[in-house]
Amino acid sequence: MIAIAYVSRFDFQEHEQEFAEKVHRWGATQLKRRQIRFLASLCRRFENIGYDPLPDHELVEEPEAVEEAPLYSAA
């Protein structure tokens with residue numbers, strides 16, 4: 001997607017062009033979710049790229065379960 005956006009960068013608005021140039025200059029291999037969405041929206045103007053569903057959250061391994069003390073009501 002970075003290559004698609006970079007080639008078409010002169011057809012973008014100024015802030016979009018700056019973003020495409022910056023990501024290309026970085027040689028980015030990992031982007032934040034909002035950056036991926038923005039980059040994909042730029043690319044869709046010139047190429048027919050599909051939509052992949054993004055999970056709502058990243059899976060994180062939970063630490064081993066720790067037993068919690070029972071909570072007693074104040075009543």
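The model is a predicted one, in which local features need pLDDT of at least 70 and side-chain atom pairs count only at pLDDT 80 or more, while totals for chains, interfaces and linings use all residues. Residues are numbered from 1 along each chain as its sequence is written, and side-chain values use heavy atoms, with hydrogens and water left out.

Let us begin with the overall plan. The chain has three helices and zero strands, where helices (H or I, at least four residues) and strands (E, at least two) are DSSP runs numbered from the N terminus. Read from the N terminus on, the elements run α-α-α. Of the 75 residues of the chain, 20% count as buried; buried here means under 20% relative accessible area, exposed means over 50%, and partly exposed lies in between (1.4 Å probe, protein chains only).

Now look at how two of the helices pack. Two packed helices are described by the angle between their axes and the distance between the axes. For H2 (residues 14–26) and H3 (residues 33–43), the axes come within 11 Å and cross at roughly 115 degrees. The axes are lines fitted to C-alpha atoms, for helices over the stretch in contact, and angles run from 0 to 180 degrees between N-to-C directions. H2 and H3 are therefore roughly perpendicular to each other, given that angles under 35 degrees count as roughly parallel, over 145 as roughly antiparallel, 65 to 115 as roughly perpendicular and the rest as oblique.

Which residues make this contact? From H2 come His15, Glu16, Phe19 and Trp26, and from H3 come Gln35, Phe38, Leu39 and Leu42; contact means heavy atoms within 4.5 Å. These residues divide into five nonpolar, two polar and one charged. In that division, Ala, Val, Leu, Ile, Met, Phe, Trp, Tyr, Cys and Pro count as nonpolar, Asp, Glu, Lys and Arg as charged, and the others, Gly among them, as polar.

With a relative accessible area of 15%, Gln35 is buried. Leaving aside neighbours within four places in sequence, Gln35 is in contact with Phe19 and Trp26.

An α-helix has 3.6 residues a turn, so residues three or four places apart point the same way.

Not counting residues up to four places away in sequence, Ile2 touches Val23, His24, Ala28 and Leu39. Ile2 and Leu39 are 37 residues apart in sequence and 7.3 Å apart in space, C-alpha to C-alpha. The C-alpha atoms of Ile2 and Arg25, 23 residues apart along the chain, are separated by 9.9 Å. Arg25, in helix H2, counts as exposed at 62% relative accessibility.

Val7 also belongs to H1, and at 67% relative accessibility Val7 counts as exposed.
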